[in-house]
Amino acid sequence: MVMGNVFAAFPIITAGVGIPILVLQHHGDPAVMAAIGMFSGYCGTLMTPMATNFNIVPAALLELPDRNAVSKAQVPTGVLLLIVNVFLLYFLMFR
């Protein structure tokens, strides 16, 4: 979420943090890191202004009074999935 979206941020974070620290230094599983890490990035995308840009059209089609209502509805899902992904990374990546 800090980087804005998974599309641009995931390769940068993976190259800068994931490979040198998690894989090389702590001997984490790169396949697990890539799969769950990418999914975690999408959790952040649900909570950013980028998601709002994509959700303005559904809000207009549904004639919602708040054009950010769709994005606000996505935040609990994004937070819950992010918490689950953190635990999955913790338990599966370093086995």
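Figure 1. At 2% relative accessibility, N85 is classed as buried (buried means under 20% relative accessible area, exposed over 50%, partly exposed in between, with a 1.4 Å probe and protein chains only). N85 sits in helix α4, residues 69–92 (helices are DSSP runs of H or I with at least four residues, strands are runs of E with at least two, and both are numbered from the N terminus). When neighbours within four places in sequence are set aside, N85 has contacts with I36, F39, S40 and C43 (contact means heavy atoms within 4.5 Å). The model is predicted: local features need pLDDT of at least 70, side-chain atom pairs count only at pLDDT 80 or more, and totals for chains, interfaces and linings use all residues. Residues are numbered from 1 along each chain as its sequence is written, and side-chain values use heavy atoms, with hydrogens and water left out.

**Figure 2. I36 and the largest nonpolar core.** V23, V32, M33, I36 and M93 make up the largest nonpolar core, which has five residues (a nonpolar core is a set of buried Ala, Val, Leu, Ile, Met, Phe, Trp, Tyr and Cys residues joined through side-chain atoms within 4.5 Å). Helix α2 supplies the largest share of this core, three residues. In soluble globular proteins, nonpolar side chains tend to be buried together. Apart from neighbours within four places in sequence, I36 touches N85, L88, L89 and L92.

**Figure 3. A34 in helix α2.** A34 belongs to helix α2, which covers residues 30–45. With a relative accessible area of 35%, A34 is partly exposed. A34 and F10 are 24 residues apart along the chain, and their C-alpha atoms are separated by 9.0 Å.

**Figure 4. Y90 and a nonpolar surface patch.** Y90 lies in helix α4 and counts as exposed, at 57% relative accessibility. Y90 is one of the residues of a nonpolar patch on the surface, among them V75, V79, F87 and F91. Together the patch residues have about 930 Å² of accessible area (from the Shrake-Rupley method with a 1.4 Å probe; for residues, only the protein chains shown count as cover). Patches are made of residues with over 30% relative accessible area and no salt bridge, with like charges joined within 9 Å and nonpolar side chains (Val, Leu, Ile, Met, Phe, Trp, Tyr) within 5 Å; a salt bridge is a side-chain nitrogen of Lys or Arg within 4 Å of a carboxyl oxygen of Asp or Glu.
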